[in-house]
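Please look over the sequence and the model below before reading on.

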Number of protein chains: 2
Amino acid sequence: MSQKLPLPFPKAEDCPRHEIFPGVWISTWWGENVMCSLVEMRPGAVVARHEHPHEQIGLVLAGRALFRIGEVESELTAGDRYIIPSNVPHEVIASAEGLRALDVFCPPRREYQ
Amino acid sequence: MSQKLPLPFPKAEDCPRHEIFPGVWISTWWGENVMCSLVEMRPGAVVARHEHPHEQIGLVLAGRALFRIGEVESELTAGDRYIIPSNVPHEVIASAEGLRALDVFCPPRREYQ
């Protein structure tokens with residue numbers, strides 16, 4: 001699915017939502033070459049280890065989760081930052097608090113439009 | 001200035017800070033093709049009208065500001081989203097509350113590294 005967003009101020013309700021893993025919901029908006037994805041992980045939800053050619057960088061907004069990027073892991077909370085280079089395997093395990101984060105994909109993930 | 005960030009978890013204190021307009025501070029991190037910029041606008045601070053070839057998309061995290069993108073303007077608050085295509089003039093005027101936002105630039109703004 002792909003859709004046009006109203007520019008320059010898409011509202012949350014204009015943006016597609018996807019459940020990408022059980023209990024992991026995203027809401028996305030994008031330009032030509034980059035995508036933002038607001039992520040909500042329910043308590044204990046898991047983004048299973050995976051990789052993709054898209055670069056992914058982001059910011060934790062609230063809650064807490066264990067991030068494992070390549071072989072490096074860290075428990076991140078609000079204000080923490082991460083950088084996932086192209087094709088590096090990564091996984092995220094939300095704490096009992098759940099997690100909110102802002103992910104950025106470059107180029108956009110077409111399947112999330 | 002350009003520097004290497006520690007991967008994959010740069011801490012805020014590892015990231016460069018710049019005052020890009022009076023009362024407008026950013027802290028940046030980036031990958032090969034995309035940059036995040038956490039923006040703090042002091043109350044009443046102004047990002048003067050300007051444009052750049054880099055795409056810019058983002059999310060308001062807290063506070064309130066008037067965004068004018070091209071000829072369209074809107075007062076944005078926490079959770080609101082914006083998309084600024086390449087070379088479209090834009091300006092931002094913070095309210096008396098100030099503003100926090102997460103800006104994304106593609107490609108990275110080399111002068112903010």
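A residue is called buried if 20 or more other C-beta atoms lie within 10 Å of its own, exposed if 12 or fewer, and partly exposed in between, with C-beta atoms placed from the backbone. By that rule Asn87(A) is exposed, because it has 10 other C-beta atoms within 10 Å. The model is predicted, and local features need pLDDT of at least 70, side-chain atom pairs count only at pLDDT 80 or more, and totals for chains, interfaces and linings use all residues. Residues are numbered from 1 along each chain as its sequence is written, while chains are lettered from A and ligands numbered from 1 in the order in which they are written.

Asn87(A) sits in the loop between strand S7 (81-84) and strand S8 (90-106) of chain A, where strands are DSSP runs of E of at least two residues, numbered from the N terminus. Its phi is near 65°, a positive value in a residue other than glycine. In chain B, Asn87(B) lies in the loop between S7 and S8, has phi near 65°, and is exposed, with 10 other C-beta atoms within 10 Å.

Most residues other than glycine have a negative phi, and most peptide bonds are trans. The bond from Leu7(B) to Pro8(B), however, is cis, with omega near -5°, and Pro8(B) belongs to the segment before strand S1 (17-21) of chain B. The bond from Cys106(B) to Pro107(B) is cis with omega near -5°, and Pro107(B) falls in the segment after S8 of chain B.

Finally, 30 residues from chain A and 30 residues from chain B form the contact, two residues being in contact if their C-beta atoms, placed from the backbone, lie within 7 Å.

How values were computed
Helices (H or I, at least four residues) and strands (E, at least two) are DSSP runs, numbered from the N terminus.
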